[in-house]
Amino acid sequence: MDTETKTQMATEQMTDMDLSEQIKKVTKESHIRAENTELMMSFQKAQVTLQQYKLLLCSLYEIYLALEEELDRNSNHPGVAPIYFPAELARLEAIEKDLEYFYGQDWREKIVVPGATKRYCHRLRQIGKESPEFLLAHAYTRYLGDLSGGQVLGRIAQKSMGLKSSEGLSFFAFPGVTSPNLFKQLYRSRMNSVELTEEERNGVLEEAVRAFEFNIQVFDDLQKMLSVTEDTLQNCSTHSKPVQMLQI
Ligand code: HEM
């Protein structure tokens, strides 16, 4: 079944619900799939490696660069203004700090961006230009995720990678949000205040499912890159042929 049909079936049974309830419902299955990706499982089992985390940061940098530039550019759009919280939520500077910590000052020349990440960013740019109200679906997927499971993942990441302080983990910290739960309530009420036609609302719900799908593909792509690197390393130790390796 394609994404559009699935979303349509789910929305038929919930026309009375608020957008925040609908969006949670239509993305429930995708959330389970995202949690079960190899990368997210590594986090949950407290087995995330420095290589995994560094590569994830590279992708997150590109994703938040596109998302936040498009949100900034469309901050007065009626579908964006109510959920525009740059002071509380913006992640870009935090990610830049983490990248500098792990890769050094010349991190911009070293970051690796897999194909799935480029496709996700391309979509963000496209909707920023053509249908800014769909940005709500992407902002919801990333920011509410970061404020939910992301909070636990940060503590796990610190332990798994044996980091002594929270250096390199700024991405997980939201100094502008005192209570993630209260903030999520506010965010949901703002989402519910956005006026959308039925067609636009269905489009937003469909886009949220797509946003989760993009994230899953980014995680899978990243994991694939790492397994190729590991194979290369193994080949290097068994054969003496010089093989060009990915610097992660
Ligand atoms: C909410 C866990 C990965 C997006 C939540 C909540 C938990 C959680 C416990 C709170 C549920 C509630 O308040 O009812 C996890 C864990 C993950 C994970 C353990 C992986 C290890 C992800 C990913 C995304 C995501 C990869 C998207 C990219 C969301 C969103 C919400 C959420 C948007 C808010 C749901 C709502 O209240 O509408 N997650 N999550 N999560 N998560 Fe995740």
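1. Contacts along the chain. Among contacts in the protein chain between residues at least 6 apart in sequence, 81% join residues at least 24 apart. Two residues are in contact here if their C-beta atoms, placed from the backbone, lie within 7 Å. The model is predicted: local features need pLDDT of at least 70, side-chain atom pairs count only at pLDDT 80 or more, and totals for chains, interfaces and linings use all residues. Residues are numbered from 1 along each chain as its sequence is written.

2. Confidence. The pLDDT is the predictor's confidence in each residue, from 0 to 100. Its mean over the protein chain is 90, with 87% of the residues at 70 or more. Residues 237-247 have a pLDDT below 50, and beyond near neighbours in sequence this stretch has 8 contacts in the model. The model scores are ipTM 0.98 and pTM 0.90.

3. Secondary structure. The protein chain holds 13 helices and 0 strands. Helices (H or I, at least four residues) and strands (E, at least two) are DSSP runs, numbered from the N terminus.

4. Burial and core. Of the 248 residues of the protein chain, 31% count as buried. A residue is buried if 20 or more other C-beta atoms lie within 10 Å of its own, exposed if 12 or fewer, and partly exposed in between, with C-beta atoms placed from the backbone. The largest nonpolar core has 51 residues, and those with the most contacts inside it are Leu57, Leu136, Ala139, Tyr140 and Ala208. The largest share of this core comes from α5, with 11 residues. Such a core is a set of buried Ala, Val, Leu, Ile, Met, Phe, Trp, Tyr and Cys residues joined through C-beta atoms within 7 Å. Leaving aside neighbours within four places in sequence, Ala208 is in contact with Ile23, Val26, Thr27, Ala137, Tyr140 and Thr141.

5. Helix α10. This helix has 13 residues and reaches 18 Å from its first C-alpha to its last, close to the 18 Å expected at 1.5 Å a residue. The expected span is 1.5 Å times one less than the number of residues. Helix α10 is mostly covered, since 11 of its 13 residues are buried. Among them are Leu136, Ala137, Ala139, Tyr140 and Asp146.

6. Of the 16 residues around the ligand, Lys24, Gly145, Ser148, Gly149 and Asn215 come nearest. The elements giving two or more residues to this shell are α3 (28-35), α4 (38-44), α10 (135-147), α11 (149-160) and α13 (198-238). A residue is near a molecule or strand if its C-beta atom, placed from the backbone, lies within 6 Å of it. Helix α10 gives the most to the shell, with 4 residues. By class, the shell divides into 7 nonpolar, 7 polar and 2 charged residues. In this division Ala, Val, Leu, Ile, Met, Phe, Trp, Tyr, Cys and Pro count as nonpolar, Asp, Glu, Lys and Arg as charged, and the others, Gly among them, as polar.

7. The loop between α4 and α5. Ala46 lies in the loop between α4 and α5 (50-73). Ala46 has a positive phi of about 55 degrees although it is not a glycine. Ala46 counts as partly exposed because it has 13 C-beta neighbours inside 10 Å. Lys45 has its place in the loop between α4 and α5, and it counts as exposed because it has 10 C-beta neighbours inside 10 Å. The C-alpha atoms of Lys45 and Asp146 are separated by 18 Å, and the two residues are 101 residues apart along the chain.

8. Pro82. This residue lies in the loop between α5 and α6 (86-89). Pro82 is partly exposed because 16 other C-beta atoms lie within 10 Å. Not counting residues up to four places away in sequence, Pro82 touches Arg190, Ser193 and Val194.

9. Met191. Helix α12 (residues 180-193) contains Met191. Met191 counts as buried because it has 22 C-beta neighbours inside 10 Å. Leaving aside neighbours within four places in sequence, Met191 is in contact with Leu19, Ser20, Ile83, Leu136 and Tyr140. Met191 and Glu88 are 103 residues apart in sequence and 16 Å apart in space, C-alpha to C-alpha.
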